[in-house]
Amino acid sequence: MRIEYQVLVKSDINASVRDTFAKALKRQGKVQGDVSEKADRCKLLCIARIDDEVVGIGAIKVRTKSDFSEQKADLSKLSDDFDWELGYLFTDPAHTGKGIGRNIARLLVDAYGQENLMASTEVSANPRMVKILEALGFRHYGKPWKSAIHDNYLGLFLRFQ
């Protein structure tokens, strides 16, 4: 089994990439709105495949400004320090535990470079992602908040450069 990772910059995002990305986001089930348009919010995308089957995705996307709000992390004073967010991370459940999510996140952060970056994730329901973020230099800031999409609590993770 060989896992192949493809990192794409915004100018490489075409209709085929949009469709592939949207199908994976739909399988993830944790993104609101028209998933077919989400790839266009991204500076970088990563798609992981095993034998041409998409097994994971992730992106550096335009930040979710509301995550800094008083109703969420309550860190509005830091909002302007961040333009981009590590997000849309998804690993197919049949392939978890193989390091796919960790590799996608690392590849994206490395390609992004040395600028401030944010991420939000489920703080107790997704301990693997919390560990991945911490290994990449992110730290949890602010207060957790309840997701509007599911019943889990989210946390804001920031990486200062």
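At the start of helix α1, a side-chain oxygen of N14 comes to within 3.1 Å of the backbone nitrogen of S16. Helices (H or I, at least four residues) and strands (E, at least two) are DSSP runs, numbered from the N terminus. This is a predicted model, in which local features need pLDDT of at least 70 and side-chain atom pairs count only at pLDDT 80 or more, while totals for chains, interfaces and linings use all residues. Residues are numbered from 1 along each chain as its sequence is written, and side-chain values use heavy atoms, with hydrogens and water left out.

**Helix α1**

- Helix α1 has 14 residues and reaches 20 Å from its first C-alpha to its last, close to the 20 Å expected at 1.5 Å a residue; the expected span is 1.5 Å times one less than the number of residues.
- The buried residues of α1 are V17, T20, F21, A22, A24, L25 and Q28, where buried means under 20% relative accessible area, exposed over 50%, and partly exposed in between (1.4 Å probe, protein chains only).
- These buried residues pack against four strands: β1 (3–9), β2 (42–50), β3 (53–62) and β4 (84–91).
- After α1 comes G29, with a positive phi near 75°.

**A24 within α1**

- A24 sits in α1, which covers residues 15–28, and counts as buried because its relative accessibility is 1%.
- Beyond its neighbours within four places in sequence, A24 is in contact (heavy atoms within 4.5 Å) with V54, I57 and F90.
- Between A24 and G58 there are 9.7 Å in space, C-alpha to C-alpha, although they are 34 residues apart in sequence.

**Nonpolar cores**

- A nonpolar core is a set of buried Ala, Val, Leu, Ile, Met, Phe, Trp, Tyr and Cys residues joined through side-chain atoms within 4.5 Å.
- The largest such core has 23 residues, and those with the most contacts inside it are I60, L86, I104, L108, L117, L133 and F138.
- Two or more residues of this core come from each of β2, β3, β4, α2 (100–112), β5 and α3 (127–135).
- Helix α2 gives the most to this core, with six residues.
- Another core lies apart from it and has 17 residues, among them A24, C42, I57 and A59.
- I104 is in contact with Y5, C46, A48, G56, I57, G58 and L89, leaving aside its neighbours within four places in sequence.

**Strands β5 and β7**

- Strand β5 (residues 117–122) is mostly covered, with five of its six residues buried.
- Six bridges join β5 to strand β7 (residues 153–159), and the two run antiparallel; strands pair if DSSP finds at least two bridges between them.
- E122 has L154 of β7 as its bridge partner.

**The loop between β3 and β4**

- S79 is found in this loop and counts as buried because its relative accessibility is 5%.
- The side chains of S79 and R63 are joined by a polar contact of 2.5 Å. A polar contact is a pair of N or O atoms within 3.5 Å; within protein, one must be able to donate a hydrogen and the other to accept it, and residues adjacent in sequence count only if both atoms are side-chain atoms.

- D74 has a positive phi of about 60° although it is not a glycine.
- Y88, in strand β4, is not a glycine but has a positive phi of about 55°.
- Y88 counts as buried, at 7% relative accessibility.
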